[in-house]
Each structure stands twice: as C-alpha cells, then as structure tokens.
Amino acid sequence: MPTLLRTDSEIASEITCILSDVDGVMTDGRIIYDNEGVETKRFHVHDGLGIKLWQKSGFDFGILTARTSRIVEYRAAELGIECVRQGYEEKASAALEMIAALGCEPAHVCYVGDDLPDIAVMKSVALAVAPADAATDARHAAHWIMRSRGGEGVLRELIERLLRAKHRWEEHL
C-alpha cells in the first residue's frame, strides 16, 4: 500500500517542540581554538531570531549536544533557552529525558541533527531534520533536509517553514 504524502501543515500541526544539536546545526561544525586553547564558535543571527520567534509563539526549544562548552551556555542564556543538555554522547536517552521534562511526547517533537550520534534521536521523534551538509546517514534518517547548511541559518529556515505551515509566521511581521 503506498504511503500517503503529508503536507507541511499536517506535519507542523503536531510539532510543539524542537530539539537541536549544536555543532553542525547551530554552527558550521568547525571547532576553533586560539593560542590560549580558548574555543570559539560562530552562530548565525537568523537562527537566533528564529528560535526567539518559535518560543514567542508558545513552543519549546532545547539544545542537546555531545560536547560541553561555556559558549553554548552563553548562547542558550542569550536566547532564553532553558532546556540545555551538554556532554551526552549517547543522545537518545537524554532526548527522552528532555522531552519528558518539557511535558511533551516524541510525537510532537522535531529534532535537528547532522551526524551519526543524532540518528537514534532522529528515528525516535515525529520530525527528523538535517542541514544540507549533514553526514549522508543523517540525511537518510531525516524527513526534511533543509537547503541551508549548518551554521548558515538552518534553524531559521526550519522554524519559518513550521510557523508558516501553522499560519503563525504572519503574527511576527
């Protein structure tokens, strides 16, 4: 029996929470150290506004990353993201804990990931998303592959697509 294609509106209507990886999604995946060993990351301002608009629309946003970085804490605080889990190489159980902590169900969650550690989470949520430059296996696990590359506005592209499909984008214009 053929699978029926679902519209963006049908898919988006169920999504109330986005969980995102950091390196390769919120950033371009490069890890840069200066001569003092201080790590830096580049975040795209469009992603930040998209996350704020998603939250302003009444939806949850969380960060789940295998690495641990003060920069991620700082960026999360700047954007008002309270649900942040760092240092979780095995992401699936951490994602389920986050989903429960947010009072949500996997059937209402979108996860954005770009590499092998993300695939188990991508397979356990309603909507799996990958940046255009994600690893091949992560792209194969994704329901949606964004046009944007990691660190180049992929979250903004996703959030705009979801909010437009929910007919909630216009309230932010």
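Reply:
**The core and its strands**

Start with Leu-158. Setting aside neighbours within four places in sequence, Leu-158 is in contact (heavy atoms within 4.5 Å) with Ile-18, Cys-110, Val-112, Val-129, Trp-144 and Met-146. This is a predicted model: local features need pLDDT of at least 70, side-chain atom pairs count only at pLDDT 80 or more, and totals for chains, interfaces and linings use all residues. Residues are numbered from 1 along each chain as its sequence is written, and side-chain values use heavy atoms, with hydrogens and water left out.

Now the wider core. A nonpolar core is a set of buried Ala, Val, Leu, Ile, Met, Phe, Trp, Tyr and Cys residues joined through side-chain atoms within 4.5 Å. Buried means under 20% relative accessible area, exposed over 50%, and partly exposed in between (1.4 Å probe, protein chains only). The largest core has 31 residues, and Ile-18, Trp-54, Leu-158 and Leu-162 touch the most other members. At least two residues each come from α1 (8-14), α2 (45-56), β4, α3, β6, β7 and α7 (154-165). Helices (H or I, at least four residues) and strands (E, at least two) are DSSP runs, numbered from the N terminus. The top contributor is α7, with seven residues. There is also a second, separate core of 21 residues, which includes Leu-19, Cys-83, Met-98 and Val-121. In soluble globular proteins, nonpolar side chains tend to be buried together.

Next, the strands. Two strands pair if DSSP finds at least two bridges between them. Take β1 (residues 17-20). It pairs with β4 in the parallel sense over four bridges. It also pairs with β6, again parallel and over four bridges.

Follow the β4 side. Strand β4 (residues 60-65) is mostly covered, with five of its six residues buried. It pairs in parallel with β5 (residues 83-86) over four bridges. There, Ile-63 stands opposite Val-84. The chain runs from β4 through helix α3 (residues 70-79) to β5, a right-handed β-α-β crossover. Right-handed means that, with the strands pointing away from the viewer, the path from the first strand over the helix to the second runs clockwise.

Now the β6 side. From β6 (residues 109-112), Val-109 and Tyr-111 point one way, Cys-110 and Val-112 the other, and all are buried. Strand β6 pairs in parallel with β7 (residues 127-130) over three bridges. Cys-110 has Leu-127 as its bridge partner in β7. That returns us to Leu-158, whose contacts include Cys-110 and Val-112.
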